[in-house]
Amino acid sequence: ISDKLVQLLQYRINQEEFSYRLYKSMSEWLSFNGFTGAAYLWSKYSDEEQKHAQWTYSFLSDLDILPVVDELKKPSGEFKGLCDIIELSYAHEVTITRQCNELFMTAMSEGCGMVTQLSLKYQAEQVEELGKMTKWLDRLEAFGEDTNSLRFLDNEMSEVK
């Protein structure tokens, strides 16, 4: 595969690991501030991001290309509340979706079926990721952001499998 695709794949690893750290930071903030259900869920989301990074680690290794573990920027640990975290998570997933689309388009333009296949796996995952965040945004819009609504939402989040 081309150097450009390798670079995009290395970037994909970096961004999935950053997503892990961002969601972990959000989970810790939620736990510290009493949103135990949301903390559980964002911790789960965090763990999923590490699995997504592993897809590309394995892909590159299988092609005898050494995956690079880059330095990660520190995610913010300052949040205004559960609503802010949901909105920031949705915006983050939109950004990740754009990145996955770029990987797909580059793989297609270079005629690299292997990377195209991997990028389609990421794109399918992004449909799920956007759907999860849209669900929570819809709940906020439907039921509001008052204390009771947030309590019910936090309880609902604790039940997500």
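**Helix packing and cores**

Helices H1 and H4 make a left-handed crossing, meaning that the near helix is turned anticlockwise from the far one by less than a right angle. Before I go on, this is a predicted model, in which local features need pLDDT of at least 70 and side-chain atom pairs count only at pLDDT 80 or more, while totals for chains, interfaces and linings use all residues. Residues are numbered from 1 along each chain as its sequence is written, and side-chain values use heavy atoms, with hydrogens and water left out.

The axes of H1, residues 3-32, and H4, residues 113-143, come within 13 Å and cross at roughly 25°, which makes H1 roughly parallel to H4, a term for angles under 35 degrees. On the H1 side the contact (heavy atoms within 4.5 Å) is made by Leu5, Leu9, Arg12, Glu16 and Tyr23, and on the H4 side by Val115, Leu118, Tyr122 and Met133.

Now to the cores, meaning sets of buried Ala, Val, Leu, Ile, Met, Phe, Trp, Tyr and Cys residues joined through side-chain atoms within 4.5 Å, where buried is under 20% relative accessible area with a 1.4 Å probe, protein chains only. The largest nonpolar core has 24 residues, and Trp42 is among those with the most contacts inside it. Which element gives the largest share of this core? That is H1, with six residues. Not counting residues up to four places away in sequence, Trp42 touches several residues, including Tyr23, Leu30, Ile86, Trp136 and Met157. A second, separate core of 18 residues includes Leu5, Leu60, Leu103 and Leu118.

Definitions and conventions. Axes fitted to C-alpha atoms, helices over the stretch in contact; angles between N-to-C directions. Helix = DSSP H or I, 4+ residues; strand = E, 2+ residues; numbered from the N terminus. Parallel < 35°, antiparallel > 145°, perpendicular 65-115°, else oblique. Buried < 20%, exposed > 50% of the residue type's maximum accessible area, 1.4 Å probe, protein only.
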